[in-house]
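Welcome, and thank you for taking a look at this model with us. Please have the sequence and the coordinates open while you read.

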Amino acid sequence: MIEIENLTRKFGDQVAVDGVSLRVEDGEVFGFLGPNGAGKTTTVRILCCLIGKTSGSARVGGYEVGKDADSMEIRKLVGLLPENVGLYNELSAFENLDFYARLYGVNEQDRRERIERFLRMLGLWEKRDVPTGVFSKGMKQKLAIARALVHNPQVLFLDEPTANLDPESSKTVREFILELKKEKRTIFLNTHNLDEAQRICDKIGILKTKLLTIGTPQQLEASLWGRKTVVQLDEVNDSIIKAVTRLGPKKIVVEDSRLVIDVVDPSKENPIIIEAIVSAGGRIQFVTERTPSLEDVYLKTVGDNR
Amino acid sequence: MKLSKSWIVASKDLKIFRKKKGVVYGVVVFPLFVAIGLPLVLRFAGARSGGIPAELLLRLLDAFSFFFIIPAATLPTVIASYSLVGEKVERSLEPLLATPITDGELLIGKIIAAFLPPIAAIFASATLFMVLIDQVTRNTLGYLYFPNWTIGVVLLLTAPLSAILSVLLNVIISSRINDVRSAQQLGTLVVLPFAGIYVSAEVGILTLDANNLLIISTVLLAIDLFLFYISRLTFRREEILTKWK
């Protein structure tokens, strides 16, 4: 659905996006992570045909980004939630959505049905005739998402959809995105919120002008370090460490009364490790696996590329 | 280019203007003041001096007709600045530009929105002005002075072309200005050449008859075409999103 090949965008001498290549499949939720100024918004603007690219190629829904004849088709195909919601404060929620639906050429009956559906889904139906100038940030954000959907786009670009929202509004927006995911829409999500990315996205890319890494959340987590088994003991002594060391060339770290052991296949290795520790007189409280969080991956990846 | 899309943008802007009382008053008050104020001035001046001589009255009436060009040149500034700088301030341009509308359709929509209300206000007030003036001057002149060619050229050519000039100038100004009031203040400078023409008429350098107004309108048309070309260059998605300050 979205294919990007060596995409580059420069503003004067400054490179905003540098040779990015990635692919987002139909119905996939792709999370684009990266610090401020990493080029996430620029990439989205290029893909929505709002600004041009310097070099490389990109296709959205089979249409070529940057080709005049295809730009209009891409705009019909995509819905955009920009970083700043940009609603018309004097117009009501209904009027805001109706204006955009008309621009997309949605007929009157479909307009009414869709606007009602989305406003009800987002809990804004009762406020449909209220000018959006008096809406809270969360309400505005929800309305802007509805605006991006009013023409029933197959591809959605959401730029920081939960930025500056309170936890309750963030939850509503996240749940709404998950609803959209169930509808098999392709979603391109720019976010700083790692927890959100982990919960929602099928695939994640970390960008810092260049695409630093890409994969499923599980792949990224596994890529940071291998698997680790954590054994919590009453106390750790030399005989226990020697007993585990004798099992093979494993990296063992002692953290207070805890052993952190690198493993390749926990289902086979853990019972042997436990047996060795018990034989050495160790009293085990519990055994668990330590996995890196997406935050660990993000900080390591971005930190390594400073 | 689909004008229906331009009209969707224009009607949205017009709906917003109707909800901004300051804009409505700004557009209505000045033309109404000209329409009612000038006939009243003539009536009271005539009453005090025992009647204005017909020759002076004719000169005054032609000059009064020209007064409708002033609001045509200034009032679109009020609206255009809200329409363009307002969108910029509210950051509503990006979602708008993401829709399947061409830059030209959007620009035309903005021009229509800024053009229609002042022109409607000017036409309505000019009609009232002509009725009142005819009432006041009928006895002195012995005939109905309005409508005539001069006001016809003013209303159908000079005023609309002045309004378009004002809107286009505002499009260009809006690309560099981030504040509605500054855009309005800069935009109103467009009145200066028209004030110059009026003063020239008052000191006898030129007469504001239909022929001269046709020449002025032709010059305005040429300026409008040039400004439209510049506006098209300024009003491009990429420019708006990356270079508009």
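## The interface of chain A and chain B

Buried area is the accessible area (1.4 Å probe) that two parts lose on being put together, summed over both. Between chain B and chain A it comes to about 2,600 Å², with carbon and sulfur atoms giving 63%. Three residues, Ile8(B), Glu94(B) and Pro100(B), supply 22% of the area that chain B buries against chain A, more than any other three residues. This is a predicted model, in which local features need pLDDT of at least 70 and side-chain atom pairs count only at pLDDT 80 or more, while totals for chains, interfaces and linings use all residues. Residues are numbered from 1 along each chain as its sequence is written, chains are lettered from A and ligands numbered from 1 in the order in which they are written, and side-chain values use heavy atoms, with hydrogens and water left out.

Counting contacts (heavy atoms within 4.5 Å), 26 residues of chain B meet 27 residues of chain A. Five salt bridges cross the interface; the term stands for a side-chain nitrogen of Lys or Arg within 4 Å of a carboxyl oxygen of Asp or Glu. Arg9(A) forms a salt bridge with Glu238(B), where the closest N and O atoms are 2.5 Å apart. On the side of chain B that touches chain A, the elements giving two or more residues are helix 1 (3-19), helix 5 (93-97) and helix 11 (237-242) of chain B. Helix 1 of chain B gives the most, with eight residues. Helices here (H or I, at least four residues) and strands (E, at least two) are DSSP runs, numbered from the N terminus.

## An enclosed helix in chain A

Helix 3 (residues 93-103) of chain A is largely enclosed by the rest of the structure, because nine of its eleven residues are buried. Buried means under 20% relative accessible area and exposed over 50%, with partly exposed in between (1.4 Å probe, protein chains only). Among the buried residues are Phe94(A), Leu97(A), Phe99(A) and Tyr100(A). Their cover includes helix 4 (108-121) and helix 5 (137-149) of chain A, together with helix 1 and helix 5 of chain B. Just after this helix, Gly105(A) takes a positive phi of about 75°.

Arg147(A) lies over the face of Tyr100(A), 5.2 Å from the ring centre. From the other chain, the charged end of Lys12(B) sits over the ring of Phe99(A), at 5.2 Å from its centre.

## Aromatic pairs

Rings of Phe, Tyr and Trp (its six-membered ring) pair if their centres lie within 6.5 Å; planes under 30 degrees apart count as stacked, over 60 as edge-to-face and the rest as tilted. Over all chains, the search finds 13 aromatic pairs. Phe64(B) and Phe67(B) make an edge-to-face pair, 6.2 Å centre to centre with 85° between the planes. Phe64(B) is buried at 7% relative accessibility, whereas Phe67(B) is partly exposed at 24%.

Phe66(B) and Tyr198(B) are stacked, because their ring centres are 6.3 Å apart and their planes lie at 20°. Since Phe66(B) lies in helix 3 (residues 54-66) of chain B and Tyr198(B) in helix 9 (residues 191-202) of chain B, the pair ties together parts that are 132 residues apart in sequence. Phe66(B) is buried, at 1% relative accessibility. In chain A, ring pairs link Phe30(A), Phe32(A), Phe157(A) and Phe188(A) into a cluster.

## Thr186(A) and its surroundings

Thr186(A) lies in strand 8 (residues 186-191) of chain A and is buried, with a relative accessible area of 1%. Beyond its neighbours within four places in sequence, its contacts include Met1(A), Val24(A), Gly27(A) and Gln154(A). A polar atom of the Thr186(A) side chain lies 3.0 Å from the backbone nitrogen of Gly27(A).

## Backbone features

Most residues other than glycine have a negative phi, and most peptide bonds are trans. Glu160(A) has a positive phi of about 50°; it is buried at 8% relative accessibility. Asp256(A) has a positive phi near 55°, yet this residue is exposed at 74%. In chain B, a cis peptide bond with omega of about -5° joins Phe146(B) and Pro147(B). Pro147(B) lies in the loop between helix 6 (103-141) and helix 7 (149-174) of chain B.

Terms used. Lys NZ or Arg CZ within 6 Å of the ring centre and 35° of its normal. Polar contact = N/O pair within 3.5 Å; in protein donor to acceptor, adjacent residues only side chain to side chain.
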